[in-house]
Amino acid sequence: MDRRSFLIGTTAVGALMVAGKGLAFAQEAEGTAPDLAQFPRNETVIVHNPEGIIRNPAWFNLWAVGAGNGTSNGLHQLTTDTLWFIDPDAGLEGASENAVYNSLADDLWQYNEDFTEMTVKLKQGIFWSDDVEFTADDVVFTVQKQASTPGTPYNGAFSVQVAEVTAPDKYTVHFKLNKPNSRFHTLFAVRWTAAWIMPKHVYEGVEDILSYDANPPVSIGPYTLHSFDPNGTWYIWQRREDWQRTAMGMISEPNPKYVIYRNNISTDNRLIEIRNGNLDMVHDLTPEGTFSVVQQDPQIQGWFPGFPYAHPDPTLVMAIPNHQNPKFQDKRVRWALALMLDARTMSMASYRGAATLSAISVPPTGTHPRDYHAPLQDFLINYEVEAGGNKVKPYDPNIGMQIADMVRGQFGDAVPSEEEAVRNAFGYGWWKQDIPTAEALLTDAGFTKNGNQWMMPDGQPFTFSVMVPQEGVVNRLGVIIAQTWAQNGIGATAEVDADPWGRQRVGNFEVNIAWAVETWGGHPDLSFFLDSYHSAYVAEPGASQPDRNWMRWKDPRLDAIIEEIRGTDFNDPKGTELGHDFVKLHLEEMPNIPIMAYNVFSIQSNRFWTGWPNAENNYANPVTNWSNGRYIFTQITPVDGAA
């Protein structure tokens with residue numbers, strides 16, 4: 001097949017907006033491809049960017065919030081950098097330790113004894129794309145400029161936490177903090193994004209950085225802007241000739257000469273495009289679409305070599321009750337709601353069986369099965385719930401095996417059968433559906449039953465809405481959860497909402513189905529979400545709340561765990577022990593109901609490039625909008641004969 005045969009659009013080369021000044025506004029039409037004839041396929045990787053319409057395509061300044069620009073269009077994957085990266089999966093062997101990379105930093109963070117100061121040593125020999133050397137002055141400027149400029153991404157964090165930042169020498173940065181914080185370094189540690197370092201020599205000469213478009217962007221990564229669509233549906237990046245003078249290039253050579261990001265592509269067209277050779281990486285598909293394309297095209301792969309194919313994201317989908325609502329303040333009620341659910345039904349209804357279950361409040365992804373799920377299995381198997389004067393053990397360690405058996409009839413040998421592989425793909429286990437115990441718990445909590453309707457202790461019917469997004473697997477999950485509760489005498493109804501995140505943030509919901517936990521994934525520390533669970537962050541009803549403690553759970557025992565973690569080094573094994581303590585407290589209280597990882601059906605084609613990460617070689621998260629994915633480009637190689 002020649003290079004022109006995989007074009008989907010007829011956009012001429014002359015229509016490219018070559019890197020330069022100019023403002024363009026995106027159109028509503030679905031994204032098209034550039035004329036790819038000038039980009040040989042053995043030199044070019046084409047990536048699906050899940051962003052939709054980019055309203056301000058010619059804007060490349062990442063330090064102005066709300067500019068309408070693209071972020072995952074290659075800008076933050078290929079041109080930015082900061083001190084460290086933490087991959088949600090294992091990370092490259094030899095280049096990372098516990099999934100932590102030293103990127104612009106030459107070593108890990110160094111705190112003083114009480115975590116009020118942090119010193120960072122920087123790598124030498126790194127240059128911006130305009131041939132200016134990267135030094136400590138860039139880091140100091142980044143912090144000071146954002147701390148003094150509202151409207152920049154880290155204005156709040158830097159202005160509140162940093163008392164002073166200085167450069168003792170050209171390659172050393174020293175921070176003095178306003179109060180102890182053993183996790184301050186994580187502001188500069190990329191999971192999806194982080195505090196990107198600004199080129200001081202560029203931005204110090206800009207009068208108003210919030211109105212500066214940075215077109216073309218000065219890059220500290222191994223790629224620079226080649227051209228982009230004035231309608232904002234594709235961006236082309238070209239490898240720097242001096243790629244060795246970048247932190248990523250010091251690990252390994254990025255193999256593609258060109259990387260093209262295409263956005264605003266419908267789900268159906270993503271399937272067509274990857275089959276036709278117009279995409280090498282697709283961020284996400286529907287479960288059904290993935291099942292179809294991997295069966296029809298042997299060159300296309302998912303994360304797992306067979307069913308369920310999807311990559312478990314380091315986020316955890318839960319049923320989230322609002323603790324500021326009196327209906328959900330008794331843990332016996334929350335446990336009753338959990339034991340009414342059927343994990344097999346939820347998996348089949350949402351992911352068509354391709355769900356990775358988790359009974360604990362830690363996503364079953366990255367290194368977490370090693371650090372949390374496997375070590376806690378005995379605890380879970382022997383865990384008891386008391387109801388109606390009886391003690392029951394509600395955990396079923398074999399539910400993942402049962403779901404694997406359920407889908408094996410349709411997918412045959414594509415479904416793993418070896419126990420460890422099943423647990424990695426389908427989860428370690430979940431709660432048994434136990435209606436008698438659930439009813440005993442409600443009775444213990446003072447509820448009564450009138451016919452088939454549960455009544456609260458005040459005599460009112462136990463009814464509530466279950467908020468779900470407009471579409472997708474979480475919508476399907478929420479609908480079946482509401483139906484299951486309704487079938488068991490609870491007046492639960494699914495409520496579709498276009499803005500569930502906005503309502504959740506201000507506590508305007510009863511029960512929401514969404515993810516309430518996001519973790520590092522590749523590192524065992526749980527501070528990425530757990531710190532925001534502290535009661536100090538819980539807002540009054542109706543007031544906006546920091547992310548992740550959506551259920552507004554307060555518990556002095558939880559605060560004590562969080563505070564002890566804050567005083568523990570990031571890499572201290574004690575942090576994992578405290579994480580286990582959190583999991584056990586969460587089980588006792590069941591403040592929300594953990595269900596499953598947010599599995600992403602990312603796929604890649606081996607038609608032109610190979611060496612993609614997967615469950616057997618899990619060196620990187622395969623989703624295309626995370627900046628961590630940049631390391632994939634150092635590992636893939638062109639297929640022999642691709643041109």
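Arg 245 lies over the face of Phe 127, at 4.0 Å from the ring centre; a charge counts as sitting over a ring if NZ of Lys or CZ of Arg is within 6 Å of the ring centre and within 35 degrees of the ring normal. Arg 191 puts its charged end over the ring of Phe 528, 4.5 Å from the centre. Keep in mind that this is a predicted model, where local features need pLDDT of at least 70, side-chain atom pairs count only at pLDDT 80 or more, and totals for chains, interfaces and linings use all residues. Numbering starts from 1 along each chain as its sequence is written, and side-chain values use heavy atoms, with hydrogens and water left out.

**Aromatic contacts**

- Searching the whole structure turns up 44 aromatic pairs, with rings of Phe, Tyr and Trp (its six-membered ring) pairing if their centres lie within 6.5 Å, and planes under 30 degrees apart called stacked, over 60 edge-to-face and the rest tilted.
- Phe 39 and Tyr 258 make an edge-to-face pair, because their ring centres are 4.9 Å apart and their planes stand at 75°.
- That pair links distant parts of the chain, 219 residues apart: Phe 39 is in the loop between β1 (17-18) and β2 (44-48), and Tyr 258 is in strand β12 (residues 258-262).
- Helices (H or I, at least four residues) and strands (E, at least two) are DSSP runs, numbered from the N terminus.
- Phe 39 counts as buried at 1% relative accessibility, and Tyr 258 does too at 9%; buried means under 20% relative accessible area, exposed over 50%, partly exposed in between (1.4 Å probe, protein chains only).
- Trp 335 and Tyr 383 are a stacked pair, since their centres are 6.0 Å apart and their planes at 15°.
- Trp 335 sits in helix α8 (residues 331-339) and Tyr 383 in the loop between α11 (377-381) and β16 (385-387), so this pair ties together parts 48 residues apart in sequence.
- Both Trp 335 and Tyr 383 are buried.
- One aromatic cluster is formed by Phe 291, Phe 307, Tyr 309, Tyr 351, Phe 411, Phe 426 and Phe 601.

**Pocket and cavities**

- On a 1 Å grid over the protein atoms alone, a cavity is a set of points where a 1.4 Å probe fits but cannot get out, while a pocket is an open set with protein on both sides within 12 Å along at least five of seven lines; lining residues have an atom within 4 Å of a point.
- The second largest pocket has a volume of about 460 Å³, volume being the space filled by probe spheres set on the points.
- Its lining has 26 residues, with Phe 304, Glu 420, Asn 424, Ala 425 and Ala 615 nearest the centre.
- α13 gives the largest share of that lining, four residues.
- There are three cavities of 30 Å³ or more, and the largest cavity has a volume of about 70 Å³.
- Residues lining the largest cavity include Val 47, Gln 77, Tyr 261, Met 281 and Trp 626.

**Strand β6**

- Strand β6 (residues 117-121) has Met 118 and Val 120 on a covered face, and Glu 117, Thr 119 and Lys 121 on an uncovered one.
- β6 runs antiparallel to strand β5 (residues 110-111), joined by two bridges, and strands pair if DSSP finds at least two bridges between them.
- Gln 110 has Thr 119 as its bridge partner in β6.
- Five residues lie between the strands in the hairpin of β5 and β6, where Phe 115 takes a positive phi near 60°.
- β6 also pairs with strand β8 (residues 172-177), antiparallel over five bridges, and Glu 117 has Lys 176 as its bridge partner in β8.
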